[in-house]
Amino acid sequence: ADYRQGEDVAALLTLHPSNFSQTGFVTQPTLTEVAAVARERGVPLVHDAGSGLLRRPEEGPLADEVGLADALEQGADLVLASGDKLLGGPQAGLVVGRADLVDRLRRAPLARALRVDKLRLAALNATLRTHLRGDPTPVDRALGPQPELQARVSAMADVLGGAVVAATTMVGGGSAPGVGVDSPVVALPDDHHLADRLRQGDPPVVTRVQQGRVLVDLRTVDPADDAVVVAAVQQARDAG
């Protein structure tokens, strides 16, 4: 009903809640329903997908997210997304959809001020080719199954004198609010300054503090860098 209101309307806009979620007595129409209203009114439907997810996977933590291809199939005329985040490419803005509308945006005077450079285009091209080949991107690997993660976490906990605890790695990054992946992490005693020293170190190590402990989450760390993390923690302790 809200989308049917108003007289001077040029387009309907739907937004993905990239960094928040609503629970309780709230509801949201599907894209298909909003697209039907857009057709009735004779205006385009613009959907801001935000995260850059190309297509919703059949299983996993992102199974409930709407990707770019899904939004187009559900009736959106234009879909806006990020080139980084879940797409895994450079920071950039993407617009996909009806060719006539994309062409209007391309010819708008503001487009010249917002265009990306050749290096970003090259990185974006390489990222999209990775998706076309069906190869996993670093984001896919980080969110997917990691059978060796338990052993890596246990080994690091032994070296650092920490404990292995169960936690949830949030997708974050303005991509999928409230969505996480269960992960074992290394829990270290927090002296209220260890996390700060790690973040300010060289190289910086970003952890999180929970229930009085510093949690070192290796899910997004390359296994080749585990020794670097250990050295950073030891250096931060010595500095304290």
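Reader: Let's start with helix H8. What separates aspartate 196 and arginine 199 there?

Author: About one helical turn, because the two are three residues apart in helix H8. Here's the general idea: an α-helix has 3.6 residues a turn, so residues three or four places apart point the same way. Keep in mind that this is a predicted model. In it, the side chains of aspartate 196 and arginine 199 meet in a salt bridge, with 2.6 Å from N to O.

Reader: And how exposed are those two residues, aspartate 196 and arginine 199?

Author: Aspartate 196 is partly exposed, at 31% relative accessible area. Arginine 199 also counts as partly exposed, at 42%. Salt bridges elsewhere share partners: Arg39, Asp77, Arg98 and Asp100 are joined that way into one network.

Reader: How many salt bridges does the structure hold?

Author: There are 12 of them.

Reader: Which side chain does arginine 152 meet in a salt bridge?

Author: That of aspartate 226, at 2.7 Å from N to O. Arginine 152 is buried, at 10% relative accessible area, and aspartate 226 counts as buried at 13%.

Reader: Since you mention H9, how far does that helix reach?

Author: H9 covers residues 226–239, 14 residues in total, and spans 20 Å from its first C-alpha to its last, close to the 20 Å expected at 1.5 Å a residue. Its buried residues are Asp226, Val229, Val230, Ala232, Val233 and Ala236. They sit on the same side of H9 because they cover an arc of only 160° around the axis.

Reader: Which residues of H9 are exposed on the other side?

Author: Look for Ala227, Gln235, Asp238 and Ala239 on that side.

Reader: What do the buried residues of H9 pack against?

Author: Helix H7 (149–160), strand E6 (180–189), helix H8 (194–199) and strand E8 (213–216). As a general idea, in soluble globular proteins, nonpolar side chains tend to be buried together. In this model, the largest nonpolar core has 20 residues, and those with the most contacts inside it are Met156, Val186, Leu188, Leu198, Val216, Leu218 and Val229. H7, E6, H8, E8 and H9 each supply at least two residues of this core.

Reader: Which residues is methionine 156 in contact with, leaving aside its neighbours within four places in sequence?

Author: For methionine 156, those contacts are Val186, Val216, Leu218, Asp226, Val229 and Val230. Apart from this core lies another, of 14 residues, among them Leu31, Ala35, Leu45 and Ala76.

Reader: Back to H1, then. Which residues of H1 are buried?

Author: Leu31, Val34, Ala35, Val37 and Ala38. They are on the same side of H1, because their arc around the axis is only 160°. Strand E1 (12–15), E2 and H2 are among what covers the buried residues of H1. After H1 comes glycine 42, with a positive phi near 70°.

Reader: Can we finish with a strand and a loop? Where is threonine 169 found?

Author: In strand E5 (residues 163–170). Threonine 169 counts as buried, at 11% relative accessibility, and its side chain is joined to that of aspartate 217 by a polar contact of 2.5 Å. Not counting residues up to four places away in sequence, threonine 169 touches Val179, Gly180, Val181, Ser183, Arg208, Asp217 and Arg219.

Reader: And in which loop is alanine 63?

Author: The one between strand E2 (45–50) and helix H2 (68–73). Alanine 63 counts as partly exposed, at 22% relative accessibility. Beyond residues up to four places away in sequence, alanine 63 touches Arg56, Pro57 and Glu58.

Key. Residues numbered from 1 in each chain as written. Predicted model: local features only at pLDDT ≥ 70, side-chain atom pairs only at ≥ 80, totals over all residues. Heavy atoms only, no water. Helix = DSSP H or I, 4+ residues; strand = E, 2+ residues; numbered from the N terminus. Expected span 1.5 Å × (residues − 1). Buried < 20%, exposed > 50% of the residue type's maximum accessible area, 1.4 Å probe, protein only. Arc of directions from axis to C-beta. Contact = heavy atoms within 4.5 Å. Core = buried A, V, L, I, M, F, W, Y, C linked by side-chain atoms within 4.5 Å. Salt bridge = Lys/Arg side-chain N within 4 Å of Asp/Glu carboxyl O. Polar contact = N/O pair within 3.5 Å; in protein donor to acceptor, adjacent residues only side chain to side chain.
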